[in-house]
Amino acid sequence: MPELRQNFFTKEWVIIATERARRPEELATRRAAQTVPSFVESCPFCAGNENKTPPEVLRYPANGEPWSVRVIPNKFAALSSDVQPTRSLQHLRRRVNGFGFHEVIIDSPDHSGCMAMLPDAHVARILGVFKERYNTLSIDHRINHVTIFKNHGADAGASLQHPHSQLIATPVIPSQVRHRLHEALRHYDDAGECMFCHLMEREVEEQTRIVVKSELFVAMEVFASATPFATHIFPLRHMATFGEITAAEITDLAHVLRSLLAKLYVGLENPDLNFTIRSGPSDNVGARHFHWYVSVIPRLTRVAGFELGSGMFINTVLPEAAAEFLRNVKVDKATGAGLGK
Ligand SMILES: [Zn+2]
Ligand SMILES: [Zn+2]
């Protein structure tokens with residue numbers, strides 16, 4: 001029987017269409033394996049082409065050794081830090097000047113250095129840079145929210161192949177975030193607990209949707225997943241904002257995130273995907289009702305009329321089957337290289 005499932009957090013309903021159920025492996029891209037070169041002359045993000053980007057915001061390491069991660073302002077920024085976030089309201093039309101920060105984090109000097117295949121230690125450096133930029137921009141009192149995300153592949157919105165992530169800091173809280181915060185606060189008021197801590201405890205007990213669990217993080221398929229293989233990674237320790245992550249947690253998250261990306265890369269043959277760090281707003285440090293997490297969404301299906309019209313998605317892969325499939329994809333512990341299925 002098909003089943004409707006409600007997302008505990010967003011309250012959105014999805015249809016898990018078991019009648020049309022597809023085995024997880026049927027969603028593999030069947031893409032021919034591509035050899036990506038380490039250096040591309042025309043690529044502005046490749047090592048040696050630093051003069052083709054705007055002046056950098058930071059580089060890691062900063063001691064003059066060759067860089068392994070660089071942050072630069074986005075050349076085609078959606079928002080500008082040169083204006084003030086002046087607000088206006090005319091009738092029902094609310095506006096704010098286009099103030100904000102839009103930065104690119106170049107994951108690696110190597111054009112072929114896809115995050116799924118990088119060593120854990122390198123992914124930890126990238127996450128450390130995320131934290132540094134998150135905390136620096138969060139101090140700015142004009143900034144209300146910082147979104148860190150990755151677009152991997154053309155269907156996920158990536159316009160340059162060189163592996164990179166992005167950060168957009170805005171003077172407003174996006175309504176999607178605000179809605180989630182309200183739901184989390186409502187649950188906290190009703191039940192006196194963080195809804196995510198509660199969920200994690202149950203999920204770890206039940207096991208069926210768990211993909212990877214480490215000492216400090218857990219990656220799981222979403223119970224009411226709107227699209228196939230939507231996966232969330234939660235810190236086991238309660239924390240409302242990403243900026244609160246410790247050095248030990250960065251090391252652990254690097255391993256869990258990279259393992260998950262490697263499993264998707266090997267199991268589904270390098271699907272296009274997005275990931276986002278869903279953090280509470282900058283001033284939510286220490287809040288008890290919200291719990292940050294990483295949301296990983298492979299872009300395997302297209303949004304059609306019913307989804308646009310109703311906001312309700314039809315998912316043809318059972319989240320429990322997706323979890324089992326990913327648990328069984330073997331990847332090298334240290335580098336993510338595929339060891340077969
Ligand atoms: Zn490049
Ligand atoms: Zn919590």
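1. Angles under 35 degrees count as roughly parallel, those over 145 as roughly antiparallel, those from 65 to 115 as roughly perpendicular and the rest as oblique. Axes are lines fitted to C-alpha atoms, for helices over the stretch in contact, and their angles run from 0 to 180 degrees between N-to-C directions. Helices (H or I, at least four residues) and strands (E, at least two) are DSSP runs, numbered from the N terminus.

2. This is a predicted model, in which local features need pLDDT of at least 70 and side-chain atom pairs count only at pLDDT 80 or more, while totals for chains, interfaces and linings use all residues. Residues are numbered from 1 along each chain as its sequence is written, ligands are numbered from 1 in the order in which they are written, and side-chain values use heavy atoms, with hydrogens and water left out.

3. Helix α4 (residues 247–267) packs against helix α6 (residues 319–328) at an angle of about 95 degrees, and their axes are 9 Å apart; α4 and α6 are therefore roughly perpendicular to each other. On the α4 side the contact (heavy atoms within 4.5 Å) involves L260, K263, L264 and G267, which meet F325, L326 and R327 of α6. The residues of this contact divide into four nonpolar, one polar and two charged, where Ala, Val, Leu, Ile, Met, Phe, Trp, Tyr, Cys and Pro count as nonpolar, Asp, Glu, Lys and Arg as charged, and the others, Gly among them, as polar.

4. The zinc ion (ligand 1) has as its protein donors (N, O and S atoms within 2.8 Å of the metal, or 3.2 Å for Na, K and Ca) C43 (SG), C46 (SG), H111 (ND1) and H162 (ND1), at 2.0 to 2.3 Å. The four donor atoms subtend angles of 104 to 117 degrees, which makes the arrangement tetrahedral, a term used for four donors if all angles lie between 85 and 135 degrees. C43 lies in the loop between β2 (13–16) and β3 (58–60) and H111 in the loop between β7 (101–106) and α1 (120–139), so the pair ties together parts that are 68 residues apart in sequence. At 5% relative accessibility C43 counts as buried, and H111, at 5%, also counts as buried; buried means under 20% relative accessible area, exposed over 50%, and partly exposed in between (1.4 Å probe, protein chains only).

5. The zinc ion (ligand 2) is coordinated by C194 (SG), C197 (SG), H238 (ND1) and H291 (ND1), at 2.1 to 2.3 Å, and its site is tetrahedral, with angles of 106 to 113 degrees among the four donor atoms. C197 lies in helix α3 (residues 195–206) and H291 in the loop between β13 (273–278) and β14 (293–298), so the pair ties together parts that are 94 residues apart in sequence. C197 counts as partly exposed at 25% relative accessibility, whereas H291 counts as buried at 0%.

6. The loop between β13 and β14 also holds N284, which at 13% relative accessibility counts as buried. Not counting residues up to four places away in sequence, N284 touches L181, A240, T241, E244 and H289.

7. Some backbone details deserve a check. Most residues other than glycine have a negative phi, and most peptide bonds are trans. R30, in the loop between β2 and β3, has a positive phi of about 55 degrees although it is not a glycine, and a cis peptide bond with omega of about -5 degrees joins Y60 and P61.

How values were computed
Four donors count as tetrahedral if all angles lie between 85 and 135 degrees; four count as square planar and six as octahedral if opposite donors are over 155 degrees apart and all others between 65 and 115; anything else is irregular.
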